[in-house]
Amino acid sequence: MVTSVRRTTLTLPAAALGPENPLPALRPLDEVHQIDDHTRAGLPDQMARQVAYEPLRSILPTRLRDAYTRDRVPTELDAIVIENDRLRATVLPGLGGRVASLFHKPTERELLYRNPVLQPADFALNGAWFSGGIEWNIGATGHTTLSCAPVHAATVPAPDGSGGRMLRLWEWERLRDLPFQVDLWLPDGSDFLYVGVRVRNPHPHPAPVYWWSNIAVPETERTRVLAPAEAAYHFGYERDLRRVPVPRWRGVDHTYPSHGTHAADYFYDVPAGARRWIAALDGDGHGLAHTSTDLLRGRKLFLWGAGSGGRRWQHWLTDPGTGGYAEIQAGLARTQLEHVRLGAEEDFSWLEAYGPLSADPTTVHGDDWAAARGAVAERLARALPRADVEAAYQAWLPSADTEPDEVLASGSGWGALEVERAGYALPGTPFAPASLGADQQPWRELLRTGALPPPEPATPPGTSLVSRPWRELLETADADVLVDPHLKYHLGVAQWHEGDRSQAVRSWERATEISDWWPVLRCLAVADQTDGHPHRAADRWLAAFHGAVREWRERYGDGGDSSATAADREAGAEGGDEGGAEGGDEWRAVLAGLGRETVTALLAVGRAAEARDVLAALPAAVRARGRFVLLTAQVLVADGDAAGARALFDAGFEVDDLREGDETLSDTWFAVAERLVAADPEAAGLDADALRARARESHPLPDRYEFRMRPA
């Protein structure tokens, strides 16, 4: 059976992603994989250089995805199946090209952790991410911004000469402005899925590159992860990177994911010259192995740990009662804190292979680590010799430039826009003009005419482009500066992204000379907060919020009346909800994003009453979200009503967009608890530490709010 590629659908209980957040992501990333200068100084020279090389300052020009919920309904997802007589792989082109399933026919075993639901959660660099399968992480430290985005997909002749087909996925990665491709095929009779990857730098300057292939595997108490290493770099959520022995450290064999207490990364220190591989095998010695050509140097285990926080996160990402999972990964660098330099007009390419592996369980689970990993290496050498992987890579390379034939799915139009701007030649990955959409049209007009068209009245501004070539086009664009603040708004965003903050503020202030347009006021609020002016920032956020509410009501609500009476708020909420169209959803995303930022800024300067009014002015559907219930609890605490805040927790709520590593839920719970204890006459005279201890003892955090990923 030669490899076949066909379209199908996959039906899963899925939560809707909702619209993108229209507010530009100006603030620094809260990515947890960061270390301080002291820790970096103790690392090997190359690793230390790559940790310091071009860290990402923001996720611009991409937008946040934070409007998803936890309301799951049966949903048909576009899927592509690649199949031979041994394996069947199912790919989701609308969700980053994720390999959702890899099924081995002879043994009737699913080799991956196959999530039975599609539940977005705040793990990607830009928010929405979901667990399970194999994902292709490109861009910067963290889960890619393409986790829940479409990619281009088409068929290409397979490189083995069998007459079979290969599936090509490709897209333009916008954080680093780099095109990439992922080619998947199954040679006739092969038990291994082959994956050829190429990342290209078409620019006349070097670029930082990040790549980790992330493989979710089922986890049981007897699952063991093996790799050819005697040491690993451990990274925990205390943000500490240290070299530790494998398999045991601090009395725990961490090659068993279920043995860890808290979530952690183990980056295996694979010796130079050793074959690159990693495997996860169950108690019977069966499981999945991954190997690659040598360029893909790093290997990693991520485990959730057996603590209550790790268990809670696993339930959060799937259905309670579903088996757990761990992640085995492969990357360009030794750790995920690093970025690798790719020269001008050069590329990185490599080959990966995924397939079943079985080894003697007694040896795999024995106390002799050298024997265990040696047994797996020997079985892998028999199942797929290292020389065969290199030969497959060499056979694939000429096919990497082959133009796709049958188009199976379409990605974004951003690559086509960049190709039109710079005239890049990218054989094998066509970014066709037909892929250009509404998001790209204003920028295409700027490119062609030298003028950036303003948005429609009462419409949130579109995406900002921030790379140096687009900034230069904005700086020389034609505009009526007396009536249009739009150009200065986008120019300021580009300047801010490049680190030219004083120029950005100057551009935004010039825009305010034209009008007090709420997007500009919001940008100035972020600048004020960054520069250490929290009171002025709160004023500007409040003005921006009121301006957005006025525009929203003019279009969907009560005719522009900006008063905040209950009747007006309900009229506005109903108007927005009745809109039901994409525009209404987009405005709710604006108000949710602005409302969250404004309330947080007001609380930071002790203005709880105004924060309460902001929450009251939001659409009813926004106020009902768990994130805003939590904000309400924080306002009540600040207002002295700890009992009211506790009542919200007791009633129960879920913060749909809780961020990985975010401890806001537990922090707020214990803040409420401390105030309740402090109000008890028996607590009179207790110092702060004793009060805190009594609060934790008398008000333990309920499991439903336990998301802490590090030791308490």
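Asp-484 is buried, at a relative accessible area of 14%. This is a predicted model. Asp-484 sits in the loop between α9 (468-475) and α10. Leaving aside residues up to four places away in sequence, Asp-484 touches Pro-454 and Ile-514. Gly-161 is 323 residues away from Asp-484 along the chain, and the two C-alpha atoms are separated by 59 Å.

Two packed helices are described by the angle between their axes and the distance between the axes. Helix α10 covers residues 486-497, and helix α12 covers residues 518-530. They pack at an angle of about 25°, with axes 10 Å apart. That angle makes α10 roughly parallel to α12, because angles under 35 degrees count as roughly parallel. The crossing of α10 past α12 is left-handed.

Which residues of α10 meet α12? They are Tyr-489, Val-493 and Trp-496. On the α12 side, the partners are Pro-519, Val-520, Cys-523, Val-526, Ala-527 and Thr-530. The residues of this contact between α10 and α12 comprise eight nonpolar, one polar and no charged.

Helix α11 (residues 501-512) also packs on α12. The axes of α11 and α12 come within 9 Å and cross at roughly 145°. This crossing of α11 and α12 is left-handed. From α11, the contact uses Arg-501, Val-505, Trp-508, Glu-509, Ala-511 and Thr-512. From α12, it uses Val-520, Leu-521, Cys-523, Leu-524, Ala-527 and Thr-530. The residues of the contact of α11 with α12 split into eight nonpolar, two polar and two charged.

Val-520 of α12 takes part in the contact with α10 and in the contact with α11. Cys-523, Ala-527 and Thr-530 of α12 also meet α10, and these three belong to the α11 contact as well.

**Individual residues**

| Residue | Relative accessible area | Class |
|---|---|---|
| Thr-598 | 0% | buried |
| Asp-484 | 14% | buried |
| His-699 | 17% | buried |
| Pro-427 | 33% | partly exposed |

Thr-598 is in helix α15 (residues 582-604). Thr-598 counts as buried because its relative accessibility is 0%. A polar atom of the Thr-598 side chain lies 3.4 Å from the backbone oxygen of Trp-541. Beyond residues up to four places away in sequence, Thr-598 touches Trp-541, Leu-542, Phe-545 and Val-614.

His-699 lies in the segment after α21 (688-698). Is His-699 buried or exposed? With a relative accessible area of 17%, His-699 is buried, because buried means under 20%. Its side chain makes a polar contact with the side chain of Arg-646, at 2.8 Å. Contacts of His-699 include Arg-646, Trp-669 and Phe-670. Ala-673, Leu-676 and Val-677 are also touched by His-699. Residues up to four places away in sequence are not counted here.

Pro-427 belongs to the loop between α7 (414-422) and α8 (441-449). Pro-427 is partly exposed, with a relative accessible area of 33%. Where is Asp-401 relative to Pro-427? Asp-401 is 26 residues apart from Pro-427 along the chain, and their C-alpha atoms are separated by 5.0 Å. Pro-427 also touches Asp-401.

Note on methods
Residues numbered from 1 in each chain as written. Predicted model: local features only at pLDDT ≥ 70, side-chain atom pairs only at ≥ 80, totals over all residues. Heavy atoms only, no water. Axes fitted to C-alpha atoms, helices over the stretch in contact; angles between N-to-C directions. Helix = DSSP H or I, 4+ residues; strand = E, 2+ residues; numbered from the N terminus. Parallel < 35°, antiparallel > 145°, perpendicular 65-115°, else oblique. Left-handed = near helix turned anticlockwise from the far one by under 90°. Contact = heavy atoms within 4.5 Å. Nonpolar A, V, L, I, M, F, W, Y, C, P; charged D, E, K, R; others polar. Buried < 20%, exposed > 50% of the residue type's maximum accessible area, 1.4 Å probe, protein only. Polar contact = N/O pair within 3.5 Å; in protein donor to acceptor, adjacent residues only side chain to side chain.
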